[in-house]
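Please walk through the following fold with me, element by element, starting from a hairpin and moving on to the packing around it.

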Amino acid sequence: MASPGDIVAKGACGAAGAKRSAMPEVYVESEFAPLRTVVLAQSEVSIPASTMSSEDMRFLSAESRKEIVGGGDMKDFAPERQARWAGEREVFRAVLERHGVQVHRPRLLTPEEKAAAGDGYANFFARDPFFTVGNQVVEASMRFLHRRREVLPLREVMRDHVYPSDCTYVAVPMPEVAAPDDPTLGPGPFLEGGDVLVLGKKVFVGTSGLASNPLGIQWLAKFLAPYGYTVEQVRLHERILHLDCALGFIKEGLLVASEEALLEGIPESLKEWEKITVDLDQATSLATNGLPLGPDVYVTDPEFSFLGQEIERFGVHVEYVDFSITRSLGGSFRCSTQPLLRKF
C-alpha cells in the first residue's frame with residue numbers, strides 16, 4: 001500500500017514523467033514575455049465609510065472617493081455603475097482571448113465571507129493578492145483592512161492551476177495586529193503584487209507607505225535569493241499606491257514612467273532604456289498601468305491615446321479598451337490581471 005508521501009510524489013512527477021508534460025505550466029519570465037495564461041479579476045467591492053477621511057485613500061481622486069467609499073457593496077448602491085464596471089472587464093476579456101490568452105476567473109465572494117468582513121471587502125484587482133516570479137507563486141500580505149481576505153476567491157484558481165503545476169507556492173507571513181489608532185496598520189510584513197515587477201532574475205518592488213513595506217521586501221529578497229533572484233526596492237511618491245502605477249515595462253529596452261513618482265529616479269539598471277514619460281497626475285490616473293500581451297501588443301485606455309501613439313512609434317500594436325470605471329477604483333489593466341504563464 002502506498003504511503004501518503006508516495007502519493008504526493010507521484011502526483012507531482014507523474015508515472016515515469018508521463019504526467020509532467022500534461023501539467024499546466026506556471027512561469028513568469030518578465031512583464032512583457034508573451035502572455036499565455038492569466039487570472040482576470042471579478043468586480044466586487046465594499047469600502048467602509050471609516051476610510052473616507054483616511055490618508056490611505058490619497059491615491060484616489062476626491063470624486064472617486066465620494067463614488068465608492070462608504071456606500072456598501074457597489075452592486076447595491078450603484079447598480080448601473082456596477083454593470084458598466086463588469087462590462088469593461090468582459091470587453092477586456094474578449095481582447096485577451098482574441099490574442100490567444102487563456103483566461104481564468106476567480107469565484108465571487110460568498111455571503112459568509114462578506115458577512116465576516118467587518119472592515120469591508122474586495123474582489124476586484126487580481127494583481128495584488130498573489131503574484132508570480134519565475135515558477136514561484138506567492139500569496140501576498142495586504143495592507144488595507146478591506147483587502148485582507150481578497151485572496152480567498154483566488155484559492156480555487158490556486159487549487160486548479162497552481163497545485164498541479166511544477167512550481168513553488170508559498171504565502172507571506174500574516175501581518176501583525178496593529179493598535180486601533182496606528183495609522184501605519186502595523187509593521188506588516190506587507191507585500192502586494194502591484195508593487196512587484198519582474199525582469200528576468202531582477203525583481204523591482206515599490207514602497208510608498210500605502211502597500212508593500214520594507215519588511216515585506218526583505219522577506220521576498222530572502223525567499224527568492226536561493227533561486228538566483230535579486231530584489232531592488234523602489235521608493236514611491238506618497239500619492240502612488242503601487243509601483244505599476246509609476247513604472248511599466250512595454251518591451252525589452254522600452255518603459256513608461258512618471259519620474260515625479262519615483263523618488264530616486266529611474267532605477268540605475270533601467271537608465272539606458274528608452275522611456276516614455278508621464279506626469280504625476282497622469283500616473284495617478286493609471287497611465288503606466290497598461291498591459292503588454294507580449295513585446296508587440298500593448299493594451300491601454302483611450303484616455304491615454306497620446307501614450308499609445310508614442311508606443312506605436314516603437315513598432316508595438318496598441319489595443320484600446322475603455323476602463324474608466326475600473327480606473328476610478330484605483331487600478332487598471334495590469335491591476336486587473338495576474339499572469340500564471342508569461343514565457344517566450
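In what sense do strand 15 and strand 16 pair, and over how many bridges? Strand 15 (residues 291-294) and strand 16 pair in the antiparallel sense, over three bridges, where two strands count as paired if DSSP finds at least two bridges between them, and where helices (H or I, at least four residues) and strands (E, at least two) are DSSP runs numbered from the N terminus. This is a predicted model, in which local features need pLDDT of at least 70 and side-chain atom pairs count only at pLDDT 80 or more, while totals for chains, interfaces and linings use all residues. Residues are numbered from 1 along each chain as its sequence is written, and side-chain values use heavy atoms, with hydrogens and water left out.

The two strands form a hairpin with two residues between them, and Pro-292 has Tyr-298 of strand 16 as its bridge partner. Strand 16 (residues 297-300) points Val-297 and Val-299 one way and Tyr-298 and Thr-300 the other way, and all are buried (under 20% relative accessible area, with exposed over 50% and partly exposed in between, for a 1.4 Å probe and protein chains only). Four bridges also join strand 16 to strand 17 (residues 317-320), and these two run parallel; here Val-297 stands opposite His-317. Together with helix 9, strand 16 and strand 17 make a right-handed β-α-β unit, a term that applies if, with the strands pointing away from the viewer, the path from the first strand over the helix to the second runs clockwise.

Beyond four places away in sequence, Phe-249 touches residues including Leu-197, Leu-254, Leu-270, Trp-273 and Pro-292, contact meaning heavy atoms within 4.5 Å.

Elsewhere, three strands form an open sheet of mixed pairing in the order 6-7-8, with strand 6 (130-133) and strand 8 (168-171) at the edges. Strand 7 (residues 136-139) runs parallel to strand 8, joined by four bridges, and Val-138 has Val-170 as its bridge partner there.
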